Amino acid sequence: MATMRMLLFLAIFYSAGICMISSVTDPNDAAVLLSLKNSWQNTPPSWDKSNDPCDSRWEGVTCNNARVSGLGLSNMGLKGKLYGDIGGLTELRSLDLSFNLGLTGPLPPILGNLKNLSILILAGCSFNGKIPDELGDLAELSFLALNSNNFSGAIPPSLGKLSKLYWLDLADNQLTGTIPISTYHSPGLDLLLKAKHFHLNKNQLSGIIPAKLFSSKMALIHLLLDGNRFTGTIPATLGLIKTLEVLRLDTNALAGNVPSDLNNLTNINELNLAHNYLSGPLPDLSGMNSLNYVDLSNNSFDPSEAPLWFSTLPSLTTLAIEFGSLQGVVPEKLFSLPNLQLVKLKYNAFNNTLNMGDSINPQLQLVDLQNNQISRISLGYEYKNTLILFGNPVCSNSSGASNATFCQPPHQTTKLK
């Protein structure tokens, strides 16, 4: 069908009396774009002014020596399907059709013919079906963004052949199955040693997170696996990726102890392991001096007092360990960390006196300690922002503080006066 459409448009091209010598655009490329124009709705108005895309500078079309090298039509309101004709743009280096919700249907396998393609961005559309195995044939591809569509099925192992890939984003789809790992007969994502971004979050991926996925040869900075159905333990091999800056494993079904090897991730600035079934001791994060966001909420860690790193991470902006097993006194030094903005420690077992000290960081906006066992409070005179102690003994009627602002239910809480 795609070939017949191409021949039809070439016939129209010639029958219209257009001389190939005077045409700036390669005739095959022009026929492909005319085919797309007639199969899509809401193409740019400039596409109606001429049948010569390079000469008349069709919006979103980039040309080089009469060949179409780029197609950028992000957020144009396009409607229709991506037909196989596009495989004829053999000099195409960049294809961006992102954020056109009206683009639907499966991706044509003939996309694998675009051997020069370096950038493929189809995020925020309504494409569906399986991700074609043929995308693994795009040897020059460095940027692949298929996120926020309706793709289903497994991640193609063939993507492991994309040795130049820098960015892999398959997030927010309906992908199932396991993360493909290379074998003697098949490639896998562990071979993507140049990739800095693995965004596989918000799918329905399952099974274990393979230990073989990670190695010291990788250059990953963002690993997003949150919002899936992974089980098993966190592999210790994660600690081999010294370049990692963001690690999100939250909202899965991971269990067991957090491996001590994660403390090797000295460049990490965001760590989110919340909403799993992790157990054992609270992880030691003392070596992560770049860490600015940590969320270990909703797990099953052993009861313990606040760890030393609560008071020693200089870059920390957000600390969240809600529905945990922490007890004892909240460290006073926590509130003086130089970049701290949010402290979310509700539903633990902190007790005794809450002393925020006199060196509270002025950037601190929220301290949420509701439903702990705090019986007394010593407020730093500098703190004027939101403090929530609702559900603590200090807010009982007998304490005399029950009417204080910090004892109001959270939806009524305002900044301290």
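Residues are numbered from 1 along each chain as its sequence is written, and side-chain values use heavy atoms, with hydrogens and water left out. Because the model is predicted, local features need pLDDT of at least 70 and side-chain atom pairs count only at pLDDT 80 or more, while totals for chains, interfaces and linings use all residues.

**Exercise 1. Confidence**

Task: State the mean pLDDT of the protein, and find what the pLDDT is over residues 6-22.

Solution. 
Step 1. pLDDT is the predictor's confidence in each residue, from 0 to 100. The protein has a mean pLDDT of 91, and 91% of its residues reach 70 or more.
Step 2. Residues 6-22 have a pLDDT below 50. This stretch has 22 contacts in the model beyond near neighbours in sequence, a contact being heavy atoms within 4.5 Å.
Step 3. Where pLDDT is low, the predicted coordinates should not be read in detail.

**Exercise 2. Bridges and faces around β9**

Task: Trace the bridges from β5 through β7 and β9 to β11, then sort the side chains of β9 by face.

Solution. 
Step 1. β5 (residues 102-105) and β7 (residues 126-130) run parallel and are joined by two bridges. Thr 104 has Ser 126 of β7 as its bridge partner.
Step 2. β9 is joined in parallel to β11 (residues 174-177) by two bridges, and the bridge partner of Gly 153 is Leu 175 in β11.
Step 3. In a regular strand the side chains alternate between the two faces of the sheet. Buried means under 20% relative accessible area, exposed over 50%, and partly exposed in between (1.4 Å probe, protein chains only).

**Exercise 3. Aromatic pairs**

Task: How many aromatic pairs does the whole structure hold, and how are Trp 47 with Trp 58 and Phe 143 with Trp 167 arranged?

Solution. 
Step 1. Rings of Phe, Tyr and Trp (its six-membered ring) pair if their centres lie within 6.5 Å; planes under 30 degrees apart are stacked, over 60 edge-to-face, and the rest tilted. The search finds five pairs.
Step 2. The ring centres of Trp 47 and Trp 58 are 4.6 Å apart with planes at 25 degrees, so this pair is stacked. Both residues lie in the loop between α2 (27-39) and β1 (61-64), so the pair ties together parts 11 residues apart in sequence.
Step 3. Trp 47 is buried at a relative accessible area of 0%, and Trp 58 is buried at 1%.
Step 4. For Phe 143 and Trp 167 the centres are 5.1 Å apart and the planes at 15 degrees, so this pair is also stacked. Phe 143 is in β8 (residues 143-145) and Trp 167 in β10 (residues 167-169), 24 residues apart.
Step 5. Phe 143 is partly exposed, at 22%. Ring pairs link Phe 143, Tyr 166 and Trp 167 into a cluster.

**Exercise 4. Disulfides**

Task: Which cysteines form the two disulfides, and what is the handedness of each?

Solution. 
Step 1. A disulfide is a pair of cysteine sulfur atoms within 2.5 Å. Cys 54 is joined to Cys 63, S to S 1.9 Å, and Cys 395 to Cys 407, S to S 1.9 Å.
Step 2. The S-S torsion is about -85 degrees for Cys 54 and Cys 63, so that disulfide is left-handed. For Cys 395 and Cys 407 the torsion is about -80 degrees, so that disulfide is left-handed.
Step 3. Cys 54 is buried at 14%, while Cys 63 is partly exposed at 29%. Cys 395 and Cys 407 are buried.
Step 4. With the bonded cysteines numbered in sequence order, the pairing is 1-2, 3-4.

Note on methods: Pairing = 2+ DSSP bridges. Helix = DSSP H or I, 4+ residues; strand = E, 2+ residues; numbered from the N terminus.
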